[in-house]
Amino acid sequence: MAELTPSAPRWPLALVVLGVAAGLLYLLQPILMPFVLGALIAYLGDPLVDRLEKYKLSRTAGVVIVFVLFTALMVLAVLVALPLLVQQLDALVRKVPQIYHWLTHTLLPWLQTRFSLPLEQLPDVDWTSQLATHWQSLGKFSAQLLREITGSGLGLLLGLANLALVPVVAFYLLRDWDTLVSRGLHMFPRAWQGKTAEMVAEADEVVSAFLRGQFLVMCALGVIYSCGLWLVGLQLALLLGVLAGLASIVPYLGFAVGVTASCIAAYAQFHDWHMLLWVGVVFGVGQALESMVLTPVLVGDRIGLHPVAVIFALMAGGQIAGFVGVLLALPVAAVITVFLRHAVEYYQSSSLYGGD
């Protein structure tokens with residue numbers, strides 16, 4: 001196998017192809033949503049289909065089984081969790097005046113006295129009229145938006161077509177996933193295929209940690225926090241648990257957001273400082289389980305991204321390509337991390353670094 005060197009004539013062509021591909025993705029990003037979602041579903045489902053194939057099932061039969069399983073889980077989540085979340089959102093709206101009163105009459109004066117801050121009073125708000133006004137405005141806005149969407153036949157058809165494309169794209173990508181990966185690898189020059197396969201395997205390990213392992217960790221933490229807060233007696237247990245679980249995509253962010261929001265909600269509900277200790281116990285147990293059980297079992301020793309890199313990748317992806325960019329941010333960052341690590345290793349083993 002030929003030596004892969006920076007001076008090889010293939011590099012300029014590879015950079016041109018990479019630049020053209022990046023440009024096309026940027027120009028086509030308004031229509032990429034169903035393809036990105038379909039690719040993510042196919043990537044998540046491929047290991048399950050591979051396992052089913054080991055039981056002498058055909059690839060198509062395995063894809064159908066996985067699709068039925070995914071669909072059943074989504075329907076169950078919508079039927080069970082969505083009504084509960086709506087109820088808790090309604091309860092949160094009703095608690096806004098109480099929380100605001102606690103902030104203005106208890107927390108803010110205590111902070112001002114404790115830390116000798118200048119006296120600043122938040123304005124008194126007539127929450128009855130304000131909430132009624134805003135709910136009416138929201139209702140009018142929603143009705144107007146619905147009229148505009150339904151009034152534009154082309155826009156409605158495009159939206160439905162994009163939604164319908166997601167399972168179609170996911171099905172065909174999942175059915176042919178291994179073949180597509182193999183063909184894509186063989187598109188590289190023969191001298192690069194061995195190193196490329198190695199880097200793709202490492203990139204898959206990193207992406208798996210976030211798209212499979214970290215997703216399972218987030219779901220598990222959401223369940224743990226919700227159940228723990230429910231045992232404490234918090235009325236907003238499900239909403240706060242789900243929020244903390246989703247924020248756990250960034251290490252320790254879910255803990256910080258969840259414990260802060262839950263402590264505020266707990267004191268507003270019970271007016272007892274001792275309840276904050278129980279909230280702390282819930283999140284402490286969740287954090288301990290994440291560190292000692294969930295992450296080692298579900299994520300393992302696979303390569304991870306630094307929390308700052310995760311935040312930057314999500315913000316950069318959203319800035320460059322909107323929601324599609326957010327979906328692609330972590331996979332792209334994981335791949336870039338692997339390539340950069342190999343580039344650094346190559347540089348450190350070169351004569352340029354050694355000074356020879």
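# A helical protein, element by element

Helices α7 and α10 pack at an angle of about 155°, with their axes 9 Å apart. With angles over 145° counting as roughly antiparallel, that makes α7 roughly antiparallel to α10. Welcome to this predicted model, in which the protein has 12 helices and zero strands.

**The protein as a whole**

- Read from the N terminus, the elements run α-α-α-α-α-α-α-α-α-α-α-α.
- The protein has 356 residues, and 28% of them count as buried.
- Take the contacts between residues at least 6 apart in sequence: 71% of these join residues at least 24 apart.

**Helix α7 with helix α10**

- The crossing in which α7 passes α10 is right-handed.
- Sorted by class, the contact of α7 with α10 has 18 nonpolar, six polar and one charged residues.

**Helix α2 with helix α7**

- Helix α7, which spans residues 190–232, also meets helix α2, residues 33–53; their axes come within 11 Å and cross at roughly 100°.
- Since angles of 65 to 115 degrees count as roughly perpendicular, α2 is roughly perpendicular to α7.
- On the α2 side, the contact is made by Leu-40, Tyr-43, Leu-44 and Pro-47, and on the α7 side by Asp-204, Val-207, Ser-208, Leu-211 and Arg-212.
- This contact of α2 with α7 has six nonpolar, one polar and two charged residues.

**Helix α8 with helix α9**

- The axes of α8 and α9 come within 7 Å, crossing at roughly 160°.
- The two helices are therefore roughly antiparallel to each other, and α8 passes α9 in a right-handed crossing.
- From α8, Leu-240, Leu-243, Ala-244 and Ala-247 take part; they meet Leu-253, Gly-254, Val-257, Gly-258, Ala-261, Ser-262 and Ala-265 of α9.
- In this contact of α8 with α9, eight residues are nonpolar, three are polar and none is charged.

**The nonpolar cores**

- As background, nonpolar side chains tend to be buried together in soluble globular proteins.
- The largest nonpolar core here has 23 residues, and the members that touch the most others are Tyr-225, Leu-229, Leu-234, Leu-240, Val-279 and Phe-283.
- Two or more residues of this core come from each of α7, α8 (237–247), α9 (253–270) and α10 (274–299).
- The largest share, seven residues, comes from α10.
- Leu-229 gives a view of the surroundings: leaving aside neighbours within four places in sequence, Leu-229 is in contact with Leu-234, Ala-237, Leu-240, Gly-241, Ser-262, Val-279, Val-282 and Phe-283.

**Buried residues to look up**

- Gly-38 has its place in helix α2 and is buried, with a relative accessible area of 0%.
- Although 127 residues separate Gly-38 from Leu-165 along the chain, their C-alpha atoms are separated by 8.1 Å.
- Beyond neighbours within four places in sequence, Gly-38 is in contact with Val-166, Val-169, Ala-170 and Leu-173.
- Gln-214 is placed in helix α7, and at 12% relative accessibility Gln-214 counts as buried.
- Leaving aside neighbours within four places in sequence, the contacts of Gln-214 are Ala-209, Ser-248, Ile-249 and Val-299.

**Residues with some exposure**

- Leu-243 lies in helix α8 and counts as partly exposed, at 40% relative accessibility.
- Leu-243 is 25 residues from Met-218 in sequence, and the two are 9.9 Å apart in space, C-alpha to C-alpha.
- Lys-56 lies in the loop between α2 and α3, the latter spanning residues 59–115.
- With a relative accessible area of 77%, Lys-56 is exposed.
- The phi angle of Lys-56 is near 70°, a positive value in a residue other than glycine.

Terms used. Residues are numbered from 1 along each chain as its sequence is written. This is a predicted model: local features need pLDDT of at least 70, side-chain atom pairs count only at pLDDT 80 or more; totals for chains, interfaces and linings use all residues. Side-chain values use heavy atoms; hydrogens and water are left out. Axes are lines fitted to C-alpha atoms, for helices over the stretch in contact, and angles run from 0 to 180 degrees between N-to-C directions. Helices (H or I, at least four residues) and strands (E, at least two) are DSSP runs, numbered from the N terminus. Angles under 35 degrees count as roughly parallel, over 145 as roughly antiparallel, 65 to 115 as roughly perpendicular and the rest as oblique. Contact means heavy atoms within 4.5 Å. Ala, Val, Leu, Ile, Met, Phe, Trp, Tyr, Cys and Pro count as nonpolar, Asp, Glu, Lys and Arg as charged, and the others, Gly among them, as polar. A nonpolar core is a set of buried Ala, Val, Leu, Ile, Met, Phe, Trp, Tyr and Cys residues joined through side-chain atoms within 4.5 Å. Buried means under 20% relative accessible area, exposed over 50%, partly exposed in between (1.4 Å probe, protein chains only). A crossing is left-handed if the near helix is turned anticlockwise from the far one by less than a right angle, and right-handed if clockwise.
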